[in-house]
Structures are given as structure tokens and as C-alpha cells.
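User: I have not worked with this structure before. Could you take me through it, one topic at a time?

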Amino acid sequence: MSEKNTFEVGLSSDAVKHPRRIVFITRKTSAKVKEEVGPQLMSFPHVILRETIAFQFLAIVLVVLALFWDAPLEQLANPLLTPNPAKAPWYFLGLQELLHYFPPLVAGVLLPTLVVLALVVIPYFDINIEGEPLWGHRSSRRMKIYLGVFAVLFVLLALYDAWTVLVPTVLVGVFGLVPYFLPTSESRFLKFLGSQPLPWWVMTWFIAVALTLTAVGTFFRGPGWSWVWPWS
Amino acid sequence: MNMPAEPKAPEKQEEKNPVSRRDFLNEIAGGALTIAGLGAAVVTVKYASPNVLFEPPTTFRAGSPDDYPVNSVTYLQDQQVYVVRTDRGMWAMSAVCTHLGCITQWKPDSSQIACPCHGSKFQRTGGVEAGPAPRPLPHFSLVLGEDGTLVVDKLEVVMETEILKV
Amino acid sequence: MATTDWTHQRLEQLRQTRVWRSIFRRGPARTNRTRSLAVFGNFALHTLPVKVREKSLSVRATYYLGSISFFLFVVLTITGVLLMFYYHPAVPDAYRDMKDLIYVVSNGVFLRNLHRLAAHAMVVAVFWHMFHVFYRGGYKPPHEFNWVIGVGLLMVTLFLSYTGYLLPWDQLAFWAITVGTNIISYVPVLGRPIRFLLLGGHIIGQNALLRFYVLHCVILPLAAVGLIGMHFWRIQKDGGITVRDDHE
């Protein structure tokens with residue numbers, strides 16, 4: 001029975017003596033094979049317990065708010081009398097603000113459809129899996145495209161006087177340029193900006209515009225969709 | 001030995017019938033399911049479109065021309081219609097904003113018709129003066145009935161130039 | 001102490017009964033084996049993975065936004081079903097029912113407040129969940145399709161909230177829906193037929209209210225339940241949620 005040990009089963013830990021190739025990670029494949037599993041916990045009870053706590057916390061907050069904050073109820077619906085201003089639910093006020101500037105086909109149909117399509121294709125079009133920063137290569141071609149898109153957006157929005165879209169667009173656009181001109185800055189915030197890839201910038205721009213439009217539509221629009229200050 | 005001849009026979013048959021029985025039945029079944037599905041969809045859409053509607057009538061009487069002073073814009077609230085009278089004559093016009101269907105309001109101070117929803121402004125003639133409204137307010141047919149009262153038909157949209165001379 | 005011991009003994013006896021063992025076909029979840037069985041042998045829990053990465057449980061990894069969205073959906077289902085006891089989808093009864101809920105029905109105003117609050121909170125939670133998942137890279141392979149299901153759930157959430165907005169039949173409801181449905185009529189070719197089908201007529205009236213009611217209480221919740229089930233199940237099948245090194 002001493003024959004049993006004439007061969008070895010198992011993996012050598014000496015990479016020079018026994019080279020092993022696990023997988024190639026090329027530029028276009030996901031690096032998920034590298035992913036470390038890390039320590040694991042049993043779902044029962046760890047997940048169940050945490051979710052229960054989250055649920056209880058949420059329930060308390062909801063009940064307290066519902067006790068003190070009454071849902072609004074206006075007059076009986078009257079098709080003959082439009083309240084001034086007539087506002088949609090808050091999550092559509094960004095859309096209503098767009099409808100103020102652009103023709104309904106563009107603001108009401110085209111833009112929402114494009115947003116939904118863009119959201120759906122995100123995981124299929126994001127080929128920048130390594131998360132390479134926007135100005136990682138300091139490519140001048142990329143800079144030309146960036147400035148071109150920015151200029152087209154600027155002119156279009158200015159033509160329609162859509163300045164509540166224009167302001168967040170300009171802000172995000174300018175912030176996007178900062179890491180290009182200050183690549184060696186020591187500031188933590190600039191380092192953070194400089195490490196972000198293109199999809200991050202597009203999504204941040206979208207959120208900035210959506211938040212501005214919703215906030216303006218909710219708080220700053222009065223009769224006839226004119227500008228009012230919420231405190232006056 | 002006839003063995004080599006035997007496998008040939010089915011091959012010949014396959015050449016004669018390039019579609020196998022299984023494929024044929026699969027396609028028939030798939031086609032039948034598609035047709036049944038489409039039919040069900042069409043029937044459901046048909047079912048969901050009402051044939052008889054209980055909606056308010058579109059023709060109404062608007063009183064006598066004398067009720068409307070010269071150079072006035074009168075809003076008939078029940079019908080959502082403006083009756084405008086100038087020295088040139090009279091016309092009836094929709095009060096529903098062409099943008100998104102809010103009810104507009106006549107502002108005598110600025111001689112404008114204003115929409116409360118998205119800030120569109122119209123002239124007395126219905127033309128767009130400002131805001132996102134894509135079209136002027138439509139004019140409705142306005143005729144003098146035999147009994148001397150005005151009759152407006154909201155289904156019949158007429159040209160802006162058609163003005164009832166009084 | 002004596003009473004707790006007594007309770008423990010009774011519980012233990014209950015666990016030994018035939019009825020209990022016919023419902024939970026395992027012993028108490030004290031070993032990893034029985035804890036695994038507790039998850040995948042249970043209908044309500046089987047969409048969960050048996051084990052999760054410790055990092056994915058940190059608050060900063062998720063802020064529990066997905067769970068919170070789901071909890072809000074549960075709260076909305078319960079309060080919504082209760083509200084249905086007193087609601088007639090008719091003009092103008094619907095509005096009177098609102099008044100009744102506020103002034104006549106015991107705890108009616110609380111249920112209505114809770115429903116409305118949870119509805120707004122769910123829209124916020126779902127949006128926030130989506131943005132958070134995006135910034136954490138949770139849409140990357142192999143999670144692509146689950147992201148698409150998530151976008152579908154966002155649409156269903158918005159549509160649920162929007163159809164619910166009409167039901168009180170007050171001025172707020174009527175004009176928000178007027179503006180919203182007129183946008184649909186700008187869709188080329190199909191716009192007007194779609195609006196006609198949705199409203200069951202040319203104006204927002206009795207038919208429109210009934211259709212929005214059916215969409216809000218039956219069709220959309222069913223769609224949501226189906227998509228939520230798929231969404232949870234896919235998290236497990238795609239190998240758990242995305243964790244990054246900085247989730248400590």
C-alpha cells in the first residue's frame with residue numbers, strides 16, 4: 001500500500017516551479033473572475049434579522065409621519081375650472097418644466113422615451129469595464145468631442161431659453177473639465193472627480209438636470225407657470 | 001447483404017420532403033398560437049374601446065347676439081367656449097389650451113387669453129402670442145338660428161376668417 | 001425566569017408535534033445545514049441566497065434601498081386593500097368617499113395618509129435605489145438583465161403612483177391627469193387611439209376613473225409582483241449583489 005504516495009494530487013503553491021494559467025483578462029472582458037468572495041454569512045438569520053430591523057425602522061417613521069401629516073384633498077374635480085397653476089405629481093414636475101420650454105412632442109414624448117431607452121441600454125453599452133477615467137489618456141480627440149457636444153447642447157438650450165436645464169448642464173460640464181486642467185491636484189474632491197469614467201459623468205449630469213427641474217417645478221413655479229419665490 | 005442500400009432509402013425521402021414532419025407540425029403549432037394570440041389581442045382592444053359614450057352634446061345655443069357687447073370677450077363656462085364680439089363681427093373659439101388641455105382665462109387688463117398650466121398666451125383672435133402652445137385656439141362654427149339665437153357647433157372647426165357679421 | 005422556561009418547553013413541544021413538522025420539514029435552525037434548509041425550503045424565503053457575502057450586508061453597500069422599496073410596496077398593498085373597502089370608483093362618489101374616509105370612517109384618515117406617504121416614499125426609494133446601483137456599478141455583467149427588470153419596475157412604480165393620483169377625484173387629481181393624458185396624444189399616429197383606450201372615451205369622466213382604478217388595483221400590482229419576484233430571484237442567480245472593496 002506504499003504505492004499510494006507515488007504521485008501527488010493537489011496544487012503547488014510555487015508559481016515558478018509549476019506555472020499555472022488561470023484566465024486571461026483582456027481589455028474587453030469583465031474582471032469578475034478576480035473577484036474575491038470574502039467571508040460569507042448565512043442568510044438565516046443574518047439577512048432576515050437586518051431586513052426585519054430595517055422594516056421596523058421604516059414602519060415607525062411612516063406611522064409617525066402619517067399621524068401628523070395629512071394627505072391633501074382639494075375641491076371636487078371640476079372640468080370647467082383649471083386651478084392656477086395646475087401641477088402634475090411632483091415626480092412629473094421636471095417633465096412639466098420641460099413642457100414649458102419645448103414643443104410637447106419633444107418634451108413629452110421624445111425626451112422621456114430617450115431617457116428610458118438610455119437607462120435600458122446602460123449595461124449593454126458600457127464597454128469601459130475597467131472604469132477608465134474620462135481624461136485617463138488626456139486624449140485631445142475626446143476633448144474635441146466633449147466640447148462639441150457641450151457647445152451643441154448650450155446653443156440648443158439657449159435657443160429655447162431653457163435656462164433651468166442650461167444652468168445644471170453648464171455646471172456639470174465645467175466640473176467635467178476641471179480634472180483635465182488640474183490632473184495633479186492634491187485635493188481629495190478633485191482626485192475623486194478625476195477618477196470618474198464617462199458613464200458617471202453622464203448619469204451625474206442627468207441627475208443634476210432632473211433634480212433642478214423637479215425642484216424648480218415644485219417650489220418656484222406659480223400662476224401661469226411664472227417664476228415665484230417659495231417664501232413670498 | 002442489402003445493408004448499404006437500406007440507409008440510403010430514408011435519405012432519398014428526406015430530399016423529397018425537405019421539411020420533416022416534426023418541423024412542419026412545430027411550425028403549424030407555432031403559427032396557430034401566434035394567430036390566436038394576435039386575435040385575442042385585437043378582440044381585447046376592440047372590447048376596451050367603448051362604442052357608445054355618454055359625453056356632453058357638442059352643439060349648444062348661446063343666446064342672442066345682443067347679449068354680447070361690442071369689443072368684448074365672453075367666457076361660456078359650461079361649454080368652455082369664448083364668444084368674441086368686435087366691430088368686425090362675432091366668432092366662437094375654444095377655451096381649451098392647445099398645449100395640454102388646460103382651461104384658459106381671459107385677462108381684460110392685458111387683452112390676452114392666458115393658460116395657467118404652462119404659461120401660454122393667446123390673442124383675442126386665438127393666435128399664439130407666447131409660450132409653448134403649438135397651435136392657435138380653434139374657432140367653432142357660429143351661426144344665427146332661425147329663432148334669432150346663436151348656435152355653436154364644437155365639432156365643426158372653421159377658418160379664422162369666418163366671422164359672423166351682425 | 002420560570003415563565004420563560006415554561007414557554008420554551010411548550011415551544012419545544014410544539015415543534016415536536018406532527019402538525020408543526022408537516023409545515024416546517026426541518027428541525028430548529030441551529031446548524032448551517034438546517035439554516036440553509038430554512039431559506040431554500042421556505043416558499044417566502046426561497047428567493048434569498050442561502051449565504052451572502054459579509055460585505056454586501058454593510059449599510060453603505062445598499063442602504064437597504066431595494067428592501068425598503070419592497071417593504072413600501074407591502075405597506076401600500078395592505079393599506080390599499082383596506083382603502084378599497086370604502087371606495088367606489090364612480091363620479092362623484094369617489095370624492096365623497098374621500099370625505100368619508102377623512103371625517104367618518106374610524107382611522108380612515110390615518111390609512112389614507114399612510115398610503116399616500118408610502119406611495120411618495122416608494123417613488124423616492126426606487127429612484128434612489130436605481131442611482132445607487134448605478135454608482136456602485138451594480139448593472140455590470142452578469143447583472144445586465146436584472147438592471148433592465150429594474151427599469152421596468154421603475155416604470156410600473158411611476159404608473160402605479162400616477163393612476164392612483166386620479167382616484168380621489170379632486171381638482172388636483174383631475175388636472176394632473178388631464179395634462180398627463182394630453183401628452184400621450186402627441187405620440188405620432190398611435191397617440192390618440194392610446195389615449196382613447198386609456199380613458200375609455202374622449203374626456204376624463206366615469207370611464208376613465210374606472211379604468212384607472214382597475215389599472216391601479218389589479219393590473220399594475222400584478223405586474224409589479226411578477227417583476228419583483230424575477231428581480232429578487234435574479235439577484236441570487238447572478239451571484240449576489242455587487243460589492244466593492246470600499247464596502248467596509
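User: Where does M93(B) lie?

Analyst: M93(B) is part of strand 4 of chain B; helices (H or I, at least four residues) and strands (E, at least two) are DSSP runs, numbered from the N terminus. The model is predicted, so local features need pLDDT of at least 70 and side-chain atom pairs count only at pLDDT 80 or more, while totals for chains, interfaces and linings use all residues. Residues are numbered from 1 along each chain as its sequence is written, and chains are lettered from A and ligands numbered from 1 in the order in which they are written.

User: Is M93(B) buried or exposed, and why?

Analyst: M93(B) counts as buried because it has 24 C-beta neighbours inside 10 Å. A residue is buried if 20 or more other C-beta atoms lie within 10 Å of its own, exposed if 12 or fewer, and partly exposed in between, with C-beta atoms placed from the backbone. Strand 4 of chain B is mostly covered, with five of its six residues buried.

User: Which residues does M93(B) touch?

Analyst: Leaving out residues up to four places away in sequence, M93(B) touches V81(B), Y82(B), V84(B), G126(B), L137(B), H139(B) and F140(B). Contact requires the C-beta atoms of two residues, placed from the backbone, to lie within 7 Å.

User: And how is strand 4 of chain B joined to strand 3 of chain B?

Analyst: Strand 3 (residues 81-86) and strand 4 (residues 89-94) of chain B run antiparallel and are joined by six bridges. They form a hairpin with two residues between them. V81(B) has S94(B) in strand 4 of chain B as its bridge partner. Two strands pair if DSSP finds at least two bridges between them.

User: What about strand 9 of chain B?

Analyst: Strand 9 (residues 139-144) of chain B is antiparallel to strand 4 of chain B, with two bridges between them. There, A92(B) has F140(B) as its bridge partner.

User: What is the strand order of the open sheet in chain B?

Analyst: The open sheet has six strands in the order 1-10-9-4-3-2, with antiparallel pairing. Strand 1 (59-61) and strand 2 (72-76) of chain B are at the edges with a single partner strand each, so one side of each has no neighbour in the sheet.

User: Where is confidence lowest in chain B?

Analyst: It is lowest in helix 1 (residues 5-16) of chain B, at a mean of 54, and highest in helix 2 (residues 21-48) of chain B, at 93. Chain B averages a pLDDT of 84, and 90% of the residues score at least 70. The pLDDT is the predictor's confidence in each residue, from 0 to 100. Where pLDDT is low, the predicted coordinates should not be read in detail.

User: Changing topic, how many residues does the contact take from chain C and chain A?

Analyst: It takes 59 residues from chain C and 54 residues from chain A. Helix 7 of chain C gives the largest share of the side of chain C that touches chain A, eleven residues.

User: Which strands join the two chains?

Analyst: Strand 1 (residues 40-42) of chain A and strand 1 of chain C run antiparallel and are joined by three bridges. Q40(A) stands opposite R53(C).
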